[in-house]
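User: I would like to learn how to read pockets and interfaces in a protein model. Please take me through them.

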Amino acid sequence: MTENINEIIESTFNGFSVGGTEIPVRFMYYFGHGEPYVVYSQADADSSLSGDNELLAYAEYYDFDVYSKGNFLPIVEAVKAKLIAAGFFFEPSRSSEDMYEPDTGYFHKTLNFQYLKGV
Amino acid sequence: MAKIGLENFLYAVATVNPATGAITYGGAKKPGKAVSFNMTVNKADATLYADDGLAESDDAVTGGDITLGIDRYDLTTMAEILGHTITEGEVVDNTADVAPYVGLGRITPLMVDNQRKFRATILALCQFSEPDDSDTTRGETVEFGTYEIPGKLIIPTNGEWRKRQVFDTAAAAAAYITSAFAAPNP
């Protein structure tokens, strides 16, 4: 059966908290209020393996965007630790620099992870 | 008759009657999913010049080198085609191991006048040898490592080193190979 990566992510971050603060992790968009929060989405895919004239496996890349009005670095490290433990591979060169959005007051960082998916 | 891929390697351990050269097979097995196949044939390349011109030439195939590219290295399969010993899942490679002769089949999907066809090819006798080995740590750029098993093309006593036939379906092409490699009835 083909793995559902979103289900793996949702399971990995069920009850996710850092420093006693529960941090919602949502697909694509966070409809709630308050911060900090994390949204994730599939960014792209490449590096396929084929055999017997069929696609056998490929790499999918997921972006995790951390939003916080305070110190976001512990959240970044916690997200990385959770995903690496779940079998994801951190992609530093596909991740963003530290960002600040003056119009919203959010610190923002995009973390990219690779996941090998069998077909 | 454009080629549009490669699928379904099948092999069978072969036994050659030393007196007659007759080949019997032990039943078709799948070594893994097909990734690539390469073959370079050796030819006699014998020429005779007479009266200041080419009088005779012989380009008969005398053997060759093959490379089987597959998606996995199944220890049981590799032990069988390389002649290694396997006991309760443990494979022991010994310098005295001798790889058996095997028959090797493959299917090449084709596009012919806008119709899908499937060419089954059987090499009557091959003998594989130990592949080189290397591993690399995982990095940010994924590289799926596949396996290439080198081997020799052997010419049977009757000279019939290859058989081919084109079919309308992949299933019929696979059945052709499986039938050729079928073990004799006990």
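User: How many nonpolar, polar and charged residues does the lining of the largest pocket have, by class?

Analyst: The classes come first: Ala, Val, Leu, Ile, Met, Phe, Trp, Tyr, Cys and Pro count as nonpolar, Asp, Glu, Lys and Arg as charged, and the others, Gly among them, as polar. In this predicted model, the lining of the largest pocket has 8 nonpolar, 8 polar and 8 charged residues. Local features need pLDDT of at least 70 and side-chain atom pairs 80 or more, while totals for chains, interfaces and linings use all residues; side-chain values use heavy atoms, without hydrogens and water. Residues are numbered from 1 along each chain as written, and chains are lettered from A in written order.

User: Which residues lie nearest the centre of the largest pocket?

Analyst: Rolling a probe the size of a water molecule over the atoms shows where empty space is left. On a 1 Å grid over the protein atoms alone, a pocket is an open set of points where a 1.4 Å probe fits, with protein on both sides within 12 Å along at least five of seven lines; lining residues have an atom within 4 Å of a point. Here 24 residues line the largest pocket, and S134(B), D135(B), G145(B), T146(B) and Y147(B) lie nearest its centre. Its volume, the space filled by probe spheres set on the points, is about 660 Å³.

User: Which strand gives the largest share of that lining?

Analyst: A strand is a DSSP run of E, at least two residues, numbered from the N terminus. Strand β12 (residues 147-154) of chain B gives the largest share, 3 residues.

User: What about the second largest pocket?

Analyst: The second largest pocket has a volume of about 280 Å³. Among its 18 lining residues, K3(B), G5(B), L6(B), R106(B) and T108(B) are closest to the centre. β4(B) supplies the largest share of this lining, 4 residues. By class, the lining divides into 4 nonpolar, 7 polar and 7 charged residues.

User: How many residues of chain A and chain B are in contact?

Analyst: Contact means heavy atoms within 4.5 Å. By that rule, 22 residues of chain A touch 18 residues of chain B.
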